Amino acid sequence: MKNYELIEHTADLAVRVRGRDLNDLFKNTALAIFEISSEKLRNKDIKHKKIIIKQKADNLPELFVNWLNEVISLSAAKGLIFDGFQISKLTENNLEAVASCSDIKNYKINSEIKAATYHELHIEKNESGWQAEVIFDV
Amino acid sequence: MYETREVALEKIDDFRWRIPRSYKPGMRVPGIIYADEKLLKDIRQDKALEQVANVAFLPGIVNASFAMPDIHWGYGFCIGGVAATDPENSGVVSPGGVGFDINCGVRLLKTNFQYEDIKDKLKDLVYALFSDIPAGVGSKGDIRVSAKEEKEILVKGSKWAVGKGYGTQEDLECTEENGAIQGADPQAVSERAYERGKAQSGTLGSGNHFLEVQVIDQLYDRDICDELDLNLGQVTVMIHSGSRGLGYQVCEDYVKSMQHCLQKYNINVPDRQLACAPVNSAEGKAYLSAMKCAANYAWANRQCLMHLTRMVFEKIFSLSWQKMGMSLIYDVAHNIAKIEKHVIDGKEKGLCIHRKGATRAFPPGHPALPERYKKIGQPVIIPGDMGRNSYLLAGTQKAMEETFGSTCHGAGRLKSRTAAAKSINLGVLLKELEAKGIIVKASGRGTIVEEAPQAYKDVNDVVDVVHNAGVSKRVCRMKPVGVIKG
């Protein structure tokens with residue numbers, strides 16, 4: 001079962017994502033961005049590289065939005081698609097992660113996600129873990 | 001998450017509705033929506049009205065939080081919103097009131113051709129336009145720009161493109177702000193934004209951006225049509241694009257930095273995407289300087305796209321673009337914030353006008369208009385969807401008096417992209433369009449479905465409202481015959 005689903009929004013892209021814990025939630029939401037917007041063209045001969053991502057914020061929602069926007073922005077600026085994240089540090093104000101990525105040429109891009117927004121942003125802990133709802137501008 | 005609550009509206013007249021200040025404690029002004037009963041039914045389907053009310057919280061907002069009939073749910077501001085703030089009364093500027101695609105806008109150019117002149121070559125023309133004009137997500141163009149030139153584009157806008165030979169002085173006169181808004185400061189733009197916009201000059205982009213070959217199918221104001229030399233059956237070209245990756249990053253950078261301004265300036269807004277700072281604060285000034293850079297980038301981009309279009313026409317018809325009469329009618333921004341002079345209680349004031357999915361519609365005689373349009377008013381370009389119509393309107397005095405010189409910007413979405421993808425069959429859609437004589441070429445098959453006519457309101461209904469309400473007037477209507485999508 002996918003750990004995210006699309007929810008209705010008139011113009012943009014709204015996504016509900018689940019994670020076992022907060023770390024998992026951050027990782028799954030970032031991965032959802034690339035699963036939704038791109039399709040891998042080949043599996044062989046793909047050279048991967050690692051990028052360290054660090055983010056700071058005043059609170060958890062801000063950290064969440066900053067993290068997603070950093071990933072989107074890095075992807076667009078560097079021509080990379082991310083397919084794995086290892087989050088080594090995550091507090092309400094700090095995040096450190098190692099991201100695995102490869103050249104955008106290995107993918108077919110189906111849609112452009114411009115940014116994550118604060119509008120109707122919900123991050124909450126529930127019985128089975130953590131859940132977030134976030135709207136992306138597309 | 002998305003349950004909507006009924007917003008109690010007061011009817012002002014057949015085309016205007018009010019959200020009273022009492023709707024939500026904290027609203028500084030009422031909300032005013034331009035719509036008729038039919039459009040209102042669609043508008044009530046999502047949370048756009050709630051967003052109109054939220055915008056009314058902005059410090060220094062003047063008169064009302066306005067929404068045009070193409071209004072739909074966005075993030076922070078609704079799409080189709082107009083908000084003016086008074087810098088002398090703690091008025092703020094909000095990057096969310098402009099959006100990620102800064103100076104997304106439209107330009108319309110005419111030709112001397114009648115449809116009959118091009119119909120046999122239409123397929124070749126559309127395929128050549130698709131081949132020569134880079135489109136699609138993250139598309140990169142053939143127009144190569146050095147690092148030094150990139151900064152030049154941010155200050156000079158369309159003038160940079162004209163300097164490179166991609167147009168004429170006349171094109172600049174027929175562009176809002178002459179294609180370069182003053183006060184752009186490249187220092188206010190982050191390195192990431194430069195990197196994200198690199199090599200995207202002269203590229204269409206994706207989503208709802210397009211290039212259309214159109215034919216005029218209805219004349220409304222014969223005097224203005226005569227003035228513009230526009231006739232029934234005449235071929236026009238419409239280009240819809242924006243500031244690409246550079247603009248997205250500028251918005252992102254400043255939404256992020258302005259989160260801190262809410263506390264610093266003690267600003268209370270119901271949605272953090274409405275983060276803002278006083279226009280006269282260091283943060284407000286920095287955003288406006290960067291936003292102007294992105295706006296200028298977008299004007300240069302549309303100028304380059306028009307140049308590429310002219311070159312394709314030259315290739316297909318073996319005539320110079322001048323001989324084909326491919327002059328620019330006008331270019332308008334529909335995602336922008338600008339300091340403009342407006343009269344409030346009999347006094348002229350410099351206000352910060354946010355237009356997010358709204359178009360400037362200045363009246364005849366306005367000093368911002370070029371001489372050639374002083375008599376007829378500002379040309380306003382309203383793109384519709386790929387299967388129905390687009391419009392050329394003109395600005396009015398009533399818009400100046402009621403909506404800070406603003407009108408609608410398009411048809412406005414009706415269906416979400418996911419709902420469109422689920423309910424529309426690509427093959428059936430393409431056949432329907434073909435039956436109407438419309439050739440479509442797109443980078444992604446998904447885009448065609450997401451942007452299908454059924455996903456939009458009928459632009460004819462939207463334009464009826466702004467015309468009947470008097471905030472702009474119909475000049476002529478076009479129908480698409482060739483569509484290039486990203």
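This is a predicted model: local features need pLDDT of at least 70, side-chain atom pairs count only at pLDDT 80 or more; totals for chains, interfaces and linings use all residues.

Author: Three strands of chain A form an open sheet, arranged in the order E4-E6-E5, and the pairing is antiparallel. The edges are held by strand E4 (49-56) and strand E5 (80-90) of chain A, each of which pairs on one side only. Averaged over this sheet, and with direction ignored, neighbouring strands are turned by 25 degrees against each other. Looking at one pairing in detail, E4(A) is joined to strand E6 (residues 94-103) of chain A by eight bridges, and the two run antiparallel; Lys50(A) stands opposite Ser100(A) in E6(A).

Turning to chain B, helix H4 (residues 122-132) and helix H11 (residues 282-317) pack at an angle of about 140 degrees, with their axes 10 Å apart. Since angles over 145 degrees would count as roughly antiparallel and those from 65 to 115 as roughly perpendicular, H4(B) and H11(B) are therefore oblique to each other, and their crossing is right-handed. On the side of H4(B), the contact is made by Asp124(B), Leu125(B), Ala128(B), Leu129(B) and Asp132(B), while H11(B) contributes Leu308(B), Thr309(B), Val312(B), Lys315(B) and Ile316(B). Sorted by class, this contact of H4(B) with H11(B) has six nonpolar, one polar and three charged residues.

Key. Residues are numbered from 1 along each chain as its sequence is written. Chains are lettered from A and ligands numbered from 1 in the order in which they are written. Axes are lines fitted to C-alpha atoms, for helices over the stretch in contact, and angles run from 0 to 180 degrees between N-to-C directions. Helices (H or I, at least four residues) and strands (E, at least two) are DSSP runs, numbered from the N terminus. Angles under 35 degrees count as roughly parallel, over 145 as roughly antiparallel, 65 to 115 as roughly perpendicular and the rest as oblique. A crossing is left-handed if the near helix is turned anticlockwise from the far one by less than a right angle, and right-handed if clockwise. Two residues are in contact if their C-beta atoms, placed from the backbone, lie within 7 Å. Ala, Val, Leu, Ile, Met, Phe, Trp, Tyr, Cys and Pro count as nonpolar, Asp, Glu, Lys and Arg as charged, and the others, Gly among them, as polar. Two strands pair if DSSP finds at least two bridges between them.
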